[in-house]
Amino acid sequence: MKKIIKPKEFINGVISLPGDKSLAHRALILGAISSGRTKIKNFPFSKTCMYTLNCLKNLGVDIKISSGNVIINGKGIHGLSKSNKILNAGTSATTLRLLMGLLAAQNFPSKIKCTGSLKSRPMDRVINPLRKMGANIVHGENFEIFPSNFSAINYKMPIASAQVKSAIILAGLYCNDTVQIIEPIKSRDHTEHMINYFGGDIKFDANKILVGAKQNLSGKNIELACDVSNAAFFIVLATVFPKAHLILNNILVNPRRIGFINVLKKMGANIKFINQRKIYEGEWVADIEIKSARLHAIEICTQTIVDMIDEVPAFVVAALFADGTSIIKDAGELHFKESDRINCLCEEFNRIGAKIKPTDDGMIIESGFDYKFTSAFSHNDHRIAMALVIFALAIKNKLVVYDVECIADSFVTFFDYVENFF
Ligand code: S3P
């Protein structure tokens, strides 16, 4: 499906976005293995979150959608049961990797399939540590997971990945001893905070996580903060669009998720957090006010990259509007996202007139563009598609973006916001 993006006169308004996907996957999984009822408000209903929801239903969990909320009657830590069907993680790496950790520790077998680019994304990073814990996983056309003797590990992660960390933590909930995980760079810590909120035993500081043995969790009411990764596209748009003024309500501002906002501020953006408040220990929300500003170039690397790993497509738009040449380093992980984001971002933005050079672990982005080609392609990567749409709105020029259906993977109502909310 193609979408013709037409210029807008104003970027003005107050908007509330759907809930954060990372929180949503975790709330579903923890709700399923808790005792008692969990109610999730502001659930995003993105395709990827629905894969997790449907997998859990197939594992015997009673999950209902009522008045836009998700209600889970938790099965307790040992209450999941064998699925009669192959579980489908679709294009969702979070579903596949987190469920692999959870299911490796169960006393029944499971089979998980996936589709699209996820079929060729790296899975050894999660299978290897789970095998060290004793997991019996066969990776062929699908992922077959058999019951095994499972034990705790002390694992030093070679790469920063919240999905891998979370898979080990979920498996660790079922161990007889404490599981220790060391991260090379701290990644998003939603699993850790949410386990504590659900009454579990997990301790963590800078780069070390200790998952207590034999846990019990209890269901909770949880209102998901709005998705900061989706907000990033509107934040950059309001920053580079002349005379814009936008307020985004109730955005997740966990320090490990606001790397992009911090970078934009360093580049000169006019962004304010209003009414910052705690949802539960470790998780914060704020209303974010954005006014147009002139940006200057920046170099980003290491922890900043981990804190904005999903926001690099939005960053490219900002860098094209900034004075000077921006440099991204230490971002080799981008080769393994829904597309090879380094090469695909360069290809598409260069096609429409930018000058971006790919490097092994990042990009060199020259300021400005010479708008010349009026079509661009998403590479079936939702975040590349949204970055192209936002870029078209920002340059106030017509652009046809092809293969935009992938946006529903993470943000089903994206075009409702683009078309109706400003
Ligand atoms: C996620 C972690 C990140 C991120 C993904 C969501 C999560 O992936 O890119 O969109 O919810 O844990 P990695 O763990 O591969 O860095």
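## Salt bridges between the domains

A salt bridge here is a side-chain nitrogen of Lys or Arg within 4 Å of a carboxyl oxygen of Asp or Glu. By that rule, 4 salt bridges cross the interface of domain 1 and domain 2. Please keep in mind that the structure you are looking at is a predicted model.

Let's look at one pair in detail. The side chains of K21 and D227 form a salt bridge, with an N to O distance of 2.5 Å. That value lies within the 4 Å cut-off.

## How the chain is divided

The domain assignment of the protein gives two domains. Domain 1 is made of residues 2-18 together with 226-420, while domain 2 covers residues 21-213. Taken over C-alpha atoms, the centres of domain 1 and domain 2 are 28 Å apart.

## Where the domains meet

How many residues of domain 1 are in contact with domain 2? There are 29 of them, and they touch 25 residues of domain 2. Together the two domains bury about 2,200 Å² between them, and carbon and sulfur atoms account for 52% of that area. On the domain 1 side, R256, Y280 and D409 lose the most area to domain 2; together they make up 26% of what that side buries.

Polar contacts can be counted here too. Across the interface of domain 1 and domain 2 there are 15 residue pairs in polar contact, with both residues at pLDDT 80 or more. Helix α9 (residues 302-307) supplies 4 residues, the largest share of the side of domain 1 that touches domain 2. Sorted by class, that side of domain 1 has 11 nonpolar, 6 polar and 12 charged residues.

## A mixed sheet of four strands

Now for a look at the strands. An open sheet of 4 strands runs in the order β6-β7-β9-β8, and its pairing is mixed. Which strands are at the edges? They are β6 (87-88) and β8 (136-139), each of which pairs on one side only.

Both senses of pairing can be followed strand by strand. The strands β8 and β9 form a hairpin, with 3 residues between them.

How values were computed:
Residues numbered from 1 in each chain as written. Predicted model: local features only at pLDDT ≥ 70, side-chain atom pairs only at ≥ 80, totals over all residues. Heavy atoms only, no water. Domains from an automatic or database assignment. Contact = heavy atoms within 4.5 Å. Buried area = accessible area lost by both parts, 1.4 Å probe. Polar contact = N/O pair within 3.5 Å; in protein donor to acceptor, adjacent residues only side chain to side chain. Helix = DSSP H or I, 4+ residues; strand = E, 2+ residues; numbered from the N terminus. Nonpolar A, V, L, I, M, F, W, Y, C, P; charged D, E, K, R; others polar. Pairing = 2+ DSSP bridges.
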